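I opened this entry to look up a few features in turn: the annotated domain, the ligand surroundings, a hairpin and a helix pair.

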Amino acid sequence: MSEPRDTIFADPLGETNPFRFDADVARVFPDMIRRSVPGYTTVVSMSGLLAGRYATAGSNLYDLGCSLGASTLAMRQNVRAADCCIIAVDNAAAMLDRCRSVIDSDTHDTRVELVQADIADIPIVDASVVVLNFTLQFIPLAQRGDVIQRIYRGLRPGGILVLSEKVTFADPQLDALNIDLHHQFKREHGYSDLEIARKRNAIDNVLIPETLDTHRKRARAAGFDSCDVWFQCFNFASLIALKA
Ligand SMILES: C[S@@+](CC[C@H](N)C(=O)[O-])C[C@H]1O[C@@H](n2cnc3c(N)ncnc32)[C@H](O)[C@@H]1O
Ligand SMILES: O=C(O)C(=O)C[C@]1(C(=O)O)C=C[C@@H](O)C=C1
(Lines give C-alpha, C1' and ligand atoms only; values in the text may rest on other atoms or scores of the structure.)
(Ligands and ions follow the chains in the order given, each with its own letter.)
Protein backbone atom coordinates (compact mmCIF):
# COMPACT_ATOMS: atom_id res chain seq x y z
CA MET A 1 0.00 0.00 0.00
CA SER A 2 1.42 3.46 -0.87
CA GLU A 3 1.99 5.99 1.89
CA PRO A 4 -0.34 9.04 2.13
CA ARG A 5 1.41 12.01 0.52
CA ASP A 6 2.52 15.00 2.59
CA THR A 7 0.65 18.08 1.32
CA ILE A 8 0.52 19.81 4.74
CA PHE A 9 2.21 23.00 3.51
CA ALA A 10 0.80 22.98 -0.05
CA ASP A 11 -2.12 25.37 0.47
CA PRO A 12 -1.08 28.92 -0.52
CA LEU A 13 -3.77 30.36 1.77
CA GLY A 14 -2.93 28.09 4.72
CA GLU A 15 -1.78 29.59 8.02
CA THR A 16 1.75 28.69 9.06
CA ASN A 17 1.66 27.68 12.71
CA PRO A 18 4.70 26.35 14.57
CA PHE A 19 5.38 22.74 13.53
CA ARG A 20 3.83 20.07 15.79
CA PHE A 21 3.74 16.27 15.68
CA ASP A 22 -0.07 16.13 15.55
CA ALA A 23 -2.48 13.72 13.84
CA ASP A 24 -2.08 15.41 10.42
CA VAL A 25 1.70 15.01 10.56
CA ALA A 26 1.45 11.45 11.93
CA ARG A 27 -0.76 10.43 8.97
CA VAL A 28 1.80 11.50 6.34
CA PHE A 29 4.99 11.12 8.38
CA PRO A 30 6.72 8.27 6.45
CA ASP A 31 6.33 10.21 3.17
CA MET A 32 7.29 13.53 4.82
CA ILE A 33 10.50 12.33 6.39
CA ARG A 34 11.65 10.29 3.38
CA ARG A 35 11.19 13.31 1.05
CA SER A 36 12.62 15.80 3.60
CA VAL A 37 15.71 14.15 5.09
CA PRO A 38 18.46 13.16 2.66
CA GLY A 39 19.84 9.77 3.70
CA TYR A 40 16.94 8.95 6.05
CA THR A 41 16.52 5.38 4.77
CA THR A 42 20.24 4.69 5.13
CA VAL A 43 20.37 6.16 8.65
CA VAL A 44 17.43 4.02 9.76
CA SER A 45 18.70 0.77 8.28
CA MET A 46 22.26 1.32 9.58
CA SER A 47 20.84 2.08 13.04
CA GLY A 48 19.50 -1.48 12.82
CA LEU A 49 22.87 -2.84 11.75
CA LEU A 50 24.61 -1.02 14.63
CA ALA A 51 21.99 -2.25 17.09
CA GLY A 52 22.60 -5.82 15.92
CA ARG A 53 26.31 -5.41 16.52
CA TYR A 54 26.17 -3.71 19.94
CA ALA A 55 23.11 -5.27 21.61
CA THR A 56 24.13 -7.45 24.55
CA ALA A 57 22.08 -10.18 26.24
CA GLY A 58 19.55 -8.96 28.77
CA SER A 59 20.03 -5.27 27.93
CA ASN A 60 17.65 -2.47 26.98
CA LEU A 61 17.77 -0.71 23.62
CA TYR A 62 16.19 2.75 23.44
CA ASP A 63 14.63 4.51 20.45
CA LEU A 64 14.17 8.07 21.71
CA GLY A 65 11.73 10.09 19.60
CA CYS A 66 10.53 6.92 17.90
CA SER A 67 7.75 8.53 15.79
CA LEU A 68 6.11 5.65 13.88
CA GLY A 69 8.79 3.18 14.88
CA ALA A 70 11.01 3.01 11.79
CA SER A 71 14.24 2.79 13.81
CA THR A 72 12.58 0.52 16.38
CA LEU A 73 11.70 -1.93 13.61
CA ALA A 74 15.19 -1.74 12.09
CA MET A 75 16.66 -2.56 15.52
CA ARG A 76 14.17 -5.34 16.16
CA GLN A 77 14.98 -6.98 12.83
CA ASN A 78 18.72 -7.02 13.64
CA VAL A 79 18.99 -7.86 17.35
CA ARG A 80 20.26 -11.41 17.89
CA ALA A 81 21.22 -11.12 21.59
CA ALA A 82 18.85 -12.92 23.99
CA ASP A 83 16.35 -11.26 26.35
CA CYS A 84 16.65 -7.70 25.04
CA CYS A 85 13.89 -5.13 25.30
CA ILE A 86 13.50 -2.17 22.93
CA ILE A 87 12.01 0.83 24.72
CA ALA A 88 10.52 3.22 22.17
CA VAL A 89 9.73 6.68 23.54
CA ASP A 90 7.82 9.62 22.08
CA ASN A 91 5.88 12.44 23.72
CA ALA A 92 3.34 12.85 20.87
CA ALA A 93 0.21 10.73 21.35
CA ALA A 94 -0.66 10.88 17.64
CA MET A 95 2.75 9.45 16.68
CA LEU A 96 2.69 6.71 19.34
CA ASP A 97 -0.84 5.59 18.35
CA ARG A 98 0.34 4.89 14.82
CA CYS A 99 3.60 3.43 16.11
CA ARG A 100 1.61 0.87 18.13
CA SER A 101 -0.14 -0.50 15.05
CA VAL A 102 3.18 -0.62 13.12
CA ILE A 103 4.82 -2.63 15.91
CA ASP A 104 1.77 -4.88 16.38
CA SER A 105 1.90 -5.94 12.74
CA ASP A 106 5.60 -6.89 12.97
CA THR A 107 6.41 -10.46 13.93
CA HIS A 108 10.04 -10.30 15.12
CA ASP A 109 10.74 -11.67 18.60
CA THR A 110 12.50 -8.97 20.60
CA ARG A 111 10.13 -7.37 23.12
CA VAL A 112 9.11 -3.74 22.43
CA GLU A 113 7.69 -1.36 25.05
CA LEU A 114 6.13 1.90 23.86
CA VAL A 115 6.32 4.77 26.33
CA GLN A 116 4.67 8.18 26.00
CA ALA A 117 7.09 10.51 27.77
CA ASP A 118 9.45 13.41 27.35
CA ILE A 119 12.96 12.16 26.66
CA ALA A 120 14.22 14.82 29.06
CA ASP A 121 12.50 12.84 31.86
CA ILE A 122 12.74 9.14 31.11
CA PRO A 123 15.28 7.02 32.96
CA ILE A 124 17.86 5.23 30.79
CA VAL A 125 18.70 1.95 32.48
CA ASP A 126 21.02 -0.96 31.64
CA ALA A 127 21.24 0.02 27.96
CA SER A 128 23.51 -1.41 25.28
CA VAL A 129 22.19 0.80 22.43
CA VAL A 130 20.49 4.20 22.40
CA VAL A 131 19.18 5.64 19.12
CA LEU A 132 18.28 9.35 18.91
CA ASN A 133 17.35 9.79 15.27
CA PHE A 134 16.39 13.38 14.35
CA THR A 135 14.97 14.15 17.82
CA LEU A 136 17.57 16.00 19.93
CA GLN A 137 17.06 18.90 17.48
CA PHE A 138 13.57 19.41 18.96
CA ILE A 139 14.75 19.50 22.61
CA PRO A 140 15.40 22.93 24.18
CA LEU A 141 19.12 23.76 23.92
CA ALA A 142 19.49 24.08 27.70
CA GLN A 143 18.29 20.46 28.21
CA ARG A 144 20.47 18.76 25.59
CA GLY A 145 23.60 18.33 27.74
CA ASP A 146 21.60 16.64 30.48
CA VAL A 147 19.87 14.27 27.99
CA ILE A 148 23.22 13.12 26.56
CA GLN A 149 24.72 12.77 30.05
CA ARG A 150 21.82 10.60 31.25
CA ILE A 151 22.21 8.42 28.15
CA TYR A 152 25.93 8.00 28.90
CA ARG A 153 25.23 7.05 32.51
CA GLY A 154 22.51 4.56 31.50
CA LEU A 155 24.67 2.74 28.96
CA ARG A 156 26.59 -0.40 29.86
CA PRO A 157 30.35 -0.26 29.21
CA GLY A 158 30.80 -1.11 25.52
CA GLY A 159 27.46 0.53 24.67
CA ILE A 160 26.71 2.92 21.82
CA LEU A 161 24.70 6.06 21.12
CA VAL A 162 23.55 6.72 17.54
CA LEU A 163 22.74 10.44 17.19
CA SER A 164 21.27 11.74 13.91
CA GLU A 165 20.52 15.42 13.40
CA LYS A 166 19.99 18.29 11.02
CA VAL A 167 23.18 20.36 11.44
CA THR A 168 24.52 23.86 10.80
CA PHE A 169 27.98 24.88 9.63
CA ALA A 170 30.20 27.49 11.28
CA ASP A 171 31.34 28.66 7.82
CA PRO A 172 28.49 30.85 6.49
CA GLN A 173 29.21 29.93 2.85
CA LEU A 174 29.04 26.21 3.58
CA ASP A 175 25.93 26.74 5.70
CA ALA A 176 24.14 28.57 2.87
CA LEU A 177 25.27 25.98 0.31
CA ASN A 178 24.05 23.02 2.39
CA ILE A 179 20.68 24.66 3.09
CA ASP A 180 20.33 25.30 -0.63
CA LEU A 181 21.30 21.71 -1.51
CA HIS A 182 18.75 20.44 1.01
CA HIS A 183 16.05 22.59 -0.59
CA GLN A 184 17.06 21.25 -4.02
CA PHE A 185 16.72 17.71 -2.62
CA LYS A 186 13.20 18.58 -1.45
CA ARG A 187 12.29 20.13 -4.81
CA GLU A 188 13.52 17.02 -6.60
CA HIS A 189 11.29 14.96 -4.31
CA GLY A 190 8.21 16.91 -5.38
CA TYR A 191 7.93 19.74 -2.84
CA SER A 192 7.12 23.17 -4.32
CA ASP A 193 9.00 26.35 -3.39
CA LEU A 194 5.91 27.39 -1.41
CA GLU A 195 5.86 24.14 0.59
CA ILE A 196 9.60 24.45 1.28
CA ALA A 197 9.25 28.07 2.43
CA ARG A 198 6.20 27.40 4.63
CA LYS A 199 7.82 24.34 6.28
CA ARG A 200 10.97 26.40 6.87
CA ASN A 201 8.92 29.02 8.73
CA ALA A 202 7.00 26.38 10.67
CA ILE A 203 10.17 24.66 11.98
CA ASP A 204 12.01 27.91 12.72
CA ASN A 205 12.63 27.99 16.52
CA VAL A 206 11.07 24.51 16.80
CA LEU A 207 13.88 22.50 15.19
CA ILE A 208 17.15 24.10 16.34
CA PRO A 209 20.17 22.58 14.59
CA GLU A 210 23.74 22.80 15.93
CA THR A 211 27.20 22.22 14.45
CA LEU A 212 28.81 18.79 14.38
CA ASP A 213 31.52 20.21 16.61
CA THR A 214 28.94 21.10 19.26
CA HIS A 215 27.57 17.54 19.14
CA ARG A 216 31.03 15.98 19.40
CA LYS A 217 32.01 18.25 22.32
CA ARG A 218 28.76 17.57 24.17
CA ALA A 219 29.25 13.81 23.82
CA ARG A 220 32.84 14.07 25.09
CA ALA A 221 31.75 16.29 28.00
CA ALA A 222 29.11 13.70 28.94
CA GLY A 223 31.85 11.08 29.21
CA PHE A 224 31.78 9.31 25.84
CA ASP A 225 35.27 8.07 24.96
CA SER A 226 34.89 8.31 21.17
CA CYS A 227 32.42 10.21 19.02
CA ASP A 228 32.39 11.04 15.33
CA VAL A 229 30.31 11.15 12.18
CA TRP A 230 29.63 7.89 10.34
CA PHE A 231 27.20 9.37 7.76
CA GLN A 232 26.43 12.77 6.30
CA CYS A 233 24.40 14.08 3.37
CA PHE A 234 24.33 17.88 3.11
CA ASN A 235 23.03 19.30 6.42
CA PHE A 236 21.89 15.96 7.86
CA ALA A 237 24.39 13.80 9.72
CA SER A 238 24.62 10.83 12.01
CA LEU A 239 27.23 10.27 14.71
CA ILE A 240 28.22 7.31 16.83
CA ALA A 241 29.42 7.78 20.40
CA LEU A 242 31.07 4.88 22.23
CA LYS A 243 31.27 4.21 25.97
CA ALA A 244 34.45 2.24 26.70
C1 LIG B 1 11.78 13.68 13.26
S2 LIG B 1 10.91 12.72 14.33
C3 LIG B 1 11.99 11.32 14.66
C4 LIG B 1 12.05 10.30 13.57
C5 LIG B 1 12.25 8.89 14.05
N6 LIG B 1 13.32 8.79 15.03
C7 LIG B 1 12.50 7.97 12.88
O8 LIG B 1 13.61 7.41 12.81
O9 LIG B 1 11.61 7.79 12.05
C10 LIG B 1 11.00 13.48 15.91
C11 LIG B 1 10.13 12.79 16.95
O12 LIG B 1 10.55 13.25 18.23
C13 LIG B 1 9.41 13.41 19.04
N14 LIG B 1 9.77 14.36 20.10
C15 LIG B 1 10.06 15.67 19.98
N16 LIG B 1 10.38 16.18 21.18
C17 LIG B 1 10.28 15.16 22.07
C18 LIG B 1 10.48 15.06 23.47
N19 LIG B 1 10.84 16.12 24.20
N20 LIG B 1 10.31 13.87 24.07
C21 LIG B 1 9.92 12.79 23.35
N22 LIG B 1 9.73 12.82 22.01
C23 LIG B 1 9.91 13.99 21.38
C24 LIG B 1 8.33 13.90 18.10
O25 LIG B 1 7.03 13.68 18.61
C26 LIG B 1 8.65 13.10 16.84
O27 LIG B 1 7.89 11.92 16.76
O1 LIG C 1 14.43 20.51 7.81
C2 LIG C 1 13.43 20.25 7.18
O3 LIG C 1 13.03 20.93 6.26
C4 LIG C 1 12.71 19.05 7.52
O5 LIG C 1 11.68 18.85 6.99
C6 LIG C 1 13.34 18.14 8.49
C7 LIG C 1 12.44 17.38 9.41
C8 LIG C 1 13.34 16.70 10.47
O9 LIG C 1 14.56 16.66 10.33
O10 LIG C 1 12.78 16.21 11.44
C11 LIG C 1 11.51 18.25 10.13
C12 LIG C 1 10.30 17.83 10.55
C13 LIG C 1 9.77 16.49 10.19
O14 LIG C 1 9.95 15.67 11.33
C15 LIG C 1 10.52 15.86 9.09
C16 LIG C 1 11.73 16.31 8.69
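My notes follow in that order.

I am working from a predicted model. I checked the UniProt record first: an unreviewed entry carries the annotation "domain: Methyltransferase" for residues 63-159. I then looked at the make-up of that stretch, which is 36% helix and 27% strand. Its end C-alpha atoms lie 14 Å apart.

**Ligand 1.** I listed the shell next and found 21 residues around ligand 1. Phe 21, Gly 65, Asn 91, Ala 92 and Asn 133 are the closest. I sorted the shell by residue class and got 13 nonpolar, six polar and two charged residues.

**Hairpin.** I moved on to strands β7 (residues 226-233) and β8 (residues 236-242), which run antiparallel and are joined by seven bridges. At the turn, two residues separate the strands. I noted that Phe 234 has a positive phi near 55 degrees in this hairpin. Cys 233 is placed opposite Phe 236 of β8.

**Helix pair.** I record two packed helices by the angle and the distance between their axes. For α5 (residues 141-154) and α8 (residues 212-222), the axes come within 9 Å and cross at roughly 50 degrees.

Terms used:
Residues are numbered from 1 along each chain as its sequence is written. Chains are lettered from A and ligands numbered from 1 in the order in which they are written. This is a predicted model: local features need pLDDT of at least 70, side-chain atom pairs count only at pLDDT 80 or more; totals for chains, interfaces and linings use all residues. UniProt positions are given in the numbering used here, feature names are shortened, and annotations may be inferred rather than shown by experiment. Helices (H or I, at least four residues) and strands (E, at least two) are DSSP runs, numbered from the N terminus. A residue is near a molecule or strand if its C-beta atom, placed from the backbone, lies within 6 Å of it. Ala, Val, Leu, Ile, Met, Phe, Trp, Tyr, Cys and Pro count as nonpolar, Asp, Glu, Lys and Arg as charged, and the others, Gly among them, as polar. Two strands pair if DSSP finds at least two bridges between them. Axes are lines fitted to C-alpha atoms, for helices over the stretch in contact, and angles run from 0 to 180 degrees between N-to-C directions.
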